[in-house]
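The sequence and the structure are shown below.

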Amino acid sequence: MSDKLPFVTKTFRKSFPFLAKDVAHYFPSHMARGMQKMQNRLKYVDGIIEVHDARISFSGRNQRFHDALGLRPHLLVLNKVDLADMSEKKTIVRKLEEDGIQKVLFTNCKVNINNTVRTKIIPAMIEMVNNVPRYHRSDAEDYNLLVIGIPNVGKSSLTNALRRTHIQKGKATKVGARAGITTSVLEKIVVCHQPKVYVYDTPGIMPPKINNVEVGLKLALCSTLQDHMVGEDTIADYMLYWLNKHEHFSYVEHFGLSEPTDDVYSLLAHVAQTHNAIQRLKSSSVGGYVYRPHFIRAAQIVIHEFREGHLGKFNLDTEILSRNEGHQHNDR
Ligand SMILES: Nc1nc2c(ncn2[C@@H]2O[C@H](COP(=O)(O)OP(=O)(O)OP(=O)(O)O)[C@@H](O)[C@H]2O)c(=O)[nH]1
Ligand SMILES: [Mg+2]
């Protein structure tokens, strides 16, 4: 049964109030160093694999990296499809192609399934590289690929998955649930023997493009920004706002509520109660201890459930898809 009924008659917030935080300038020093190193390596790079999160196919992608990386062949991998609503996949691909993306593939790098798509990535890259002049490397028989993308979208997971797929070798680069796990531009990692293909995994050195507050919130919800940048309760509130606005009410049953709510603190108080996220505070007025919901811990639980896909699969950019071209470009 749809998760939309029977709550659609309720009215919810039409916009999201956000106290500005400077998420737009989030660019830790390891990213700056990584960017510099990446540019130094560029003359040895034949092609670029850009990884992004399939839940936000448009939001946060930094088109400016084209200028920084030159006109090398470029494949966009939209990862985490296991968490994304793919019902508008064709429209997503068409819009990305209209934006000049040469090729788009969708992957799940969390588990060892979906191999058919992963087996296409290296051959597609090789074909693209062979179709253009190879600048400084016209005599080279091997292929050097650079994996780039904003933090935590699965760049290292993809590198490891390609290695598993082609040479049945295990993990060569560290993976983690927080943004900012890879902090150095690694040496070449071999991912295929025939032909020889090497990948440079990179830290999330592309600063996300955050040109409006809502993009920042989407990026935070998909954990491409560190949670403290926005605040867990604000991220949970945005999640609630977005789910209600799009009439996705699976959270009601999931958290054992009696009906949808637009008030994040009533959701968090309920989750705190049911998940034992209670804090004990000393009170001078009562002369002892009082017990209060631990709102931040409850918010962490709520956003974790969203990020694990337990509330459903979502396309947070669905509105961008339905807008006309003019608006779309302004928003990215
Ligand atoms: N559900 C799901 N999770 C994924 C997928 N790919 C990667 N992850 C998870 O996403 C998190 C980030 O993965 P990484 O491979 O470390 O991402 P990264 O882009 O290298 O991150 P940084 O190095 O921090 O920029 C980890 O918890 C992975 O297990 C996927 O396809 N689906
Ligand atoms: Mg990494």
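The structure is a predicted model. Its sheet is open and consists of 6 strands in the order β3-β2-β1-β4-β6-β5, with mixed pairing. The edge positions are held by β3 (103-106) and β5 (189-192); each has a single partner strand, so one side of each is left without a neighbour in the sheet. On average, and with direction ignored, neighbouring strands are turned by 30 degrees against each other. In general, the strands of a sheet pair through backbone hydrogen bonds, in either a parallel or an antiparallel manner. Strand β2 (residues 74-79) and β3 run parallel and are joined by 4 bridges. L78 has F106 of β3 as its bridge partner.

**Helices across the sheet.** Helix α3 (residues 89-98) lies across β2 and β3, and its direction makes an angle of about 150 degrees with β3. Helix α5 lies across β1 (47-53), β2, β4, β5 and β6 (197-200). Relative to β5, helix α5 runs at about 50 degrees.

| Helix pair | Distance between axes | Angle | Residues in contact, by class |
|---|---|---|---|
| α6 and α7 | 10 Å | about 105 degrees | 8 nonpolar, 1 polar, 2 charged |
| α7 and α9 | within 9 Å | roughly 110 degrees | 6 nonpolar, no polar, 2 charged |

Angles from 65 to 115 degrees count as roughly perpendicular. With an angle of about 105 degrees, α6 and α7 are therefore roughly perpendicular to each other. Their contact is made by E214, L217, K218, A220 and L221 on the side of α6, and by T234, I235, Y238, M239, Y241 and W242 on the side of α7.

The axes of α7 (residues 232-245) and α9 (residues 264-274) cross at roughly 110 degrees, and these two helices are therefore also roughly perpendicular to each other. Here α7 contributes D233, A236, D237 and L240, while α9 contributes V264, Y265, L267 and L268.

**A residue of the α6 contact.** A220 lies in helix α6 (residues 213-221) and is among the residues of α6 that meet α7. Is A220 buried or exposed? Its relative accessibility is 0%, so A220 counts as buried, the limit for that class being under 20%. Leaving aside residues up to four places away in sequence, A220 touches L225, D227, V230, I235 and R307. Of these contacts, I235 also belongs to the α7 side of the helix pair. Between A220 and G231, which are 11 residues apart in sequence, the C-alpha to C-alpha distance is 9.0 Å.

**Annotated positions.** An unreviewed UniProt entry carries the annotation "binding site" for N79, K80, V81, D82, N152, V153, G154, K155, S156, S157 and G204. Where do N152 and S157 lie? N152 is in the loop between β4 (143-148) and α5 (155-167), whereas S157 is placed in helix α5. N152 has a relative accessibility of 11% and therefore counts as buried. S157 likewise counts as buried, because its relative accessibility is 17%. The helix that holds S157 is the α5 described above as lying across strands of the sheet, including β4.

Methods
Residues numbered from 1 in each chain as written. Chains lettered and ligands numbered in written order. Predicted model: local features only at pLDDT ≥ 70, side-chain atom pairs only at ≥ 80, totals over all residues. Heavy atoms only, no water. UniProt positions renumbered as here; feature names shortened; annotations may be inferred. Buried < 20%, exposed > 50% of the residue type's maximum accessible area, 1.4 Å probe, protein only. Axes fitted to C-alpha atoms, helices over the stretch in contact; angles between N-to-C directions. Parallel < 35°, antiparallel > 145°, perpendicular 65-115°, else oblique. Contact = heavy atoms within 4.5 Å. Nonpolar A, V, L, I, M, F, W, Y, C, P; charged D, E, K, R; others polar. Pairing = 2+ DSSP bridges.
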